[in-house]
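Please walk through the fold of this protein, starting from the pairing of its strands and ending with its backbone exceptions.

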Amino acid sequence: MKNPVVTSWTESTRNLFKPVIVLVITFAATVKLSQSLYRYNLRRRSRARSGTMSSSSSSDNGTGVQARRRSRILSSKLYFDIPNSKVPLIYSSAYDITFLGIEKLHPFDSSKWGRICGFLLVDNVVDKNCIVEPLEASKNDLLVVHSEAYLNCLKKSANVAMIIEVPHVAVFPNCLVQQKVLYPFRNQVGGTILAAKLAKERGWAINVGGGFHHCSGEKGGGFCAYADISLCIHFAFERLNISRVMIIDLDAHQGNGHETDFANDSRVYILDVYNPGIYPFDYEARRYIDQKVEVVSGTTTNEYLRKLDEALEVSVHSFDPELIVYNAGTDILDGDPLGRLKISPDGITNRDEKVFRFARKRNIPIVMLTSGALSLCLIFPSLIFTGF
Ligand SMILES: [Zn+2]
């Protein structure tokens, strides 16, 4: 017979134990994150001050940065020859993030890339051997856009936790965070960069991943740790003899990362259609959008597509691109809690067709990135393999 006192103590202890442990882990993570954030912000402010002071005193600096960037791009291994037997669809199983189940604490589906390809294979839309596997972006590649200080900040788990918005990640050793979170991201970056080369050769290319449009050279956020769009464009400038790029960013969120990186850069035209009532509220970066189209929460399919038609028409008369980078986040889908728009699945297919036809009609190579979405949208198979 059980001792009732012992039994009730054991049960109540067990009941209490779980929430207390969760609380302790969350508290420790939050404290670590706040301390790390504070130190990082101090360093950023001090760097910004010294940058302001030195920029006027050294005119050689800009030339030096350009030369280093050029040499890094020319020595990169991310551009490699792809046989004609492959389709311009880029994916690697290294894209997917699994981290002891805690990846599920963020509403973003961090294994959606693999599931997309799984559906394509099951439906015989594409053969596994025809998919292009990219290489992981190396430190040398990342330094084309990112500063050494920013890459160093990713060596602290608390900073990565802040960027991917999962506080629990702060308590894990950085080697594990690198392997489980940043390594997949770096593979997706390699895919985005390679996609521009493939698009130039074939007319279009899709990276089933990437589109980290909240990350700039100096700052990550919103589940985006590396600035793959900025990197892709700098590689295209240097290696593909391209001098004008249009970014069409139709993810529900504002693409503040690439906007910050290409602020006042006349080689890049940015069309951004976003919901102004959700993250990231980056008013500074909004100043660098060439064509801003705001779609408020609750916008429905017809109104969205009408605004897109008008915006594409305006961009035709404003800029003559040699490459289009299309950030095709599907978080505009009706029911997506992050995007808060009401676009139907057919509406999203229609949106993608409009952008691809826009590019095809003008013979402009187009790179498509899947970017953000809570839910899967398999729009591109019908689009691409029926010849759009
Ligand atoms: Zn988004």
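Strand 1 and strand 2 (residues 204-207) run parallel and are joined by two bridges; two strands count as paired if DSSP finds at least two bridges between them. Within this pair, L89 stands opposite I206 of strand 2. The model is a predicted one: local features need pLDDT of at least 70, side-chain atom pairs count only at pLDDT 80 or more, and totals for chains, interfaces and linings use all residues. Residues are numbered from 1 along each chain as its sequence is written.

The protein chain holds 13 helices and seven strands. These elements are DSSP runs numbered from the N terminus, helices being H or I over at least four residues and strands being E over at least two. The seven strands form an open sheet in the order 1-2-7-6-3-4-5, with parallel pairing. Strand 1 (89-90) and strand 5 (291-294) stand at the edges with a single partner strand each, so one side of each has no neighbour in the sheet. Helix 11 (residues 301-318) packs on the sheet and touches strand 3 (245-249), strand 4 (268-274) and strand 5. The direction of helix 11 makes about 170° with that of strand 4; such angles run from 0 to 180 degrees between N-to-C directions, and axes are lines fitted to C-alpha atoms, for helices over the stretch in contact.

How many of the residues of strand 6 (residues 323-327) are buried? Five of its five residues are, where buried means that 20 or more other C-beta atoms lie within 10 Å of the residue's own, exposed means 12 or fewer, and partly exposed is in between, with C-beta atoms placed from the backbone. Both faces of strand 6 are covered, with L323, V325 and N327 on one side and I324 and Y326 on the other. Strand 6 pairs in the parallel sense with strand 3 over five bridges, and with strand 7 (residues 366-369) over four bridges. Y326 is the bridge partner of I248 and also stands opposite M368 in strand 7.

Y326 also belongs to the largest nonpolar core, which has 98 residues. A nonpolar core is a set of buried Ala, Val, Leu, Ile, Met, Phe, Trp, Tyr and Cys residues joined through C-beta atoms within 7 Å. The members that touch the most others are V160, A225, C232, V325, Y326 and V367. Helix 7 (residues 174-202) gives the most to this core, with 11 residues. Leaving out residues up to four places away in sequence, V367 touches A195, A196, A199, A205, C232, V325 and Y326; a contact requires C-beta atoms, placed from the backbone, to lie within 7 Å. In soluble globular proteins, nonpolar side chains tend to be buried together.

Helix 7 also packs against helix 8 (residues 228-239), at an angle of about 35° and with the axes 8 Å apart. Helix 7 contributes Q188, V189, T192, I193, A195 and A196 to the contact, and helix 8 contributes D228, I229, L231, C232, F235 and A236. A further residue of helix 7 is P184, which is buried because 24 other C-beta atoms lie within 10 Å. Neighbours within four places in sequence aside, P184 is in contact with A94, Y95, D96 and I97. The C-alpha atoms of P184 and T98 are separated by 9.6 Å, although the two residues are 86 apart along the chain.

V208 lies in the loop between strand 2 and helix 8. Why is V208 classed as buried? Because 24 other C-beta atoms lie within 10 Å. Apart from neighbours within four places in sequence, V208 is in contact with L89, I90, Y91, W113, I116, C117 and T370.

The backbone exceptions come last. Most residues other than glycine have a negative phi, and most peptide bonds are trans. Y279 and P280 are joined by a cis peptide bond with omega of about 10°, and P280 is found in the loop between strand 4 and helix 10 (283-286). N264, in the loop between helix 9 (256-261) and strand 4, has a positive phi near 60°. N264 is exposed, with 7 other C-beta atoms within 10 Å. N363 has a positive phi of about 60° and lies in the loop between helix 12 (345-361) and strand 7. N363 is exposed as well, with 8 other C-beta atoms within 10 Å.

Notes
Contact = placed C-beta atoms within 7 Å.
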